[in-house]
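Please look through the structure below before reading on.

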Amino acid sequence: MLATALVALAAYLLGSVSFAVVVSRAFGLPDPHEYGSGNPGATNVLRTGNKAAAILTLLGDGLKGFVAVFAAQKLGPMVGADAWCVPAAALAVFLGHIFPVFHRFSGGKGVATAAGIVFALHWPLAACLTVVWLVLAFGFRISSLAGLTTAVLLPFGLFYVFGPSAIAWVGVVIALLLFWRHRGNIAQLLAGGERRIGS
């Protein structure tokens, strides 16, 4: 239990590193909390017009989800962690992203980090969800619509691959948190006023 708790803590701290903030500082861009949607994520960073910064933000947020889960898969058995180690790391890194201790608990919405988590768990499923996201994102140019659709599909995919396991139920929690984080976007979608990618 202690080993699992330490792995989860490390995953949370990793998740708390906001690449939108880190990359923006490196590129001399404004704090992403202070313009556009106020969300520290790749879509908001793109509103500065700096595509390289947006891509690095996307990759960084996705990579931390992947690294946290992959490390738990490999290191968990070595340190005597129990079966909850990987699900705990997956949820912890996601919570770190949306409630980062290093940034006053004001984090992003979690789509990229969730994608990184799924790539570590089962890359074919992650690839399928990424295709869905890309088709919707480039077809409608609405990031939130693409993210919410993949959030709906995520738990179904995990239950199909892993059965009624802890990791599948963690997928349900992550999907619900994604919807909660997008509650403002949902209201804008219903009102027909949601921002488009790049605007």
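Predicted model: local features only at pLDDT ≥ 70, side-chain atom pairs only at ≥ 80, totals over all residues.

Residues are numbered from 1 along each chain as its sequence is written, and side-chain values use heavy atoms, with hydrogens and water left out.

**Overall form**

- The protein chain has 10 helices and 0 strands, where helices (H or I, at least four residues) and strands (E, at least two) are DSSP runs numbered from the N terminus.
- The radius of gyration, taken over C-alpha atoms, is 16 Å, which agrees with the value near 16 Å for a compact globule of 199 residues, the globule rule being 2.2 Å times the number of residues to the power 0.38.
- Along the principal axes, the C-alpha atoms of the protein chain fill a box of roughly 50 × 35 × 25 Å.
- Buried residues make up 45% of the 199 residues, where buried means under 20% relative accessible area, exposed over 50%, and partly exposed in between (1.4 Å probe, protein chains only).
- Among contacts between residues at least 6 apart in sequence, 63% join residues at least 24 apart, a contact meaning heavy atoms within 4.5 Å.

**Helix H6**

- Helix H6 (residues 111-121) is largely enclosed by the rest of the structure, because 8 of its 11 residues are buried.
- The buried residues of H6 include Ala112, Gly116, Ile117, Val118 and Leu121, and the buried residues of this helix pack against helix H4 (51-75), helix H5 (85-98), helix H7 (123-140), helix H8 (143-162) and helix H9 (166-181).
- Leaving aside neighbours within four places in sequence, Ile117 is in contact with Gly65, Phe66, Val69, Ala90, Val93, Phe94 and Ile174.

**Nonpolar cores**

- The largest nonpolar core has 34 residues, of which Val69, Phe94, Ile117, Leu121 and Ile174 touch the most other members; such a core is a set of buried Ala, Val, Leu, Ile, Met, Phe, Trp, Tyr and Cys residues joined through side-chain atoms within 4.5 Å.
- Helix H1 (2-15), H4, H5, H6, H7, H8 and H9 each give two or more residues to this core, and H5 gives the most, with 8 residues.
- A second, separate core of 6 residues includes Ala20, Val23, Tyr35 and Val45.

**Cavity and pocket**

- On a 1 Å grid over the protein atoms alone, a cavity is a set of points where a 1.4 Å probe fits but cannot get out, and a pocket is an open set with protein on both sides within 12 Å along at least five of seven lines, while lining residues have an atom within 4 Å of a point.
- Grid points are joined across faces, edges and corners, and a volume is the space filled by probe spheres set on the points.
- The structure holds 1 cavity of 30 Å³ or more, and the lining of the largest cavity includes Ala90, Ile117, Leu121, Gly171 and Ile174.
- H9 supplies the largest share of this cavity lining, 4 residues.
- The largest pocket has a volume of about 1300 Å³ and is lined by 50 residues, of which Thr43, Leu58, Val111, Trp133 and Ser143 lie nearest its centre.
- The largest share of the lining of the largest pocket, 9 residues, comes from H4.
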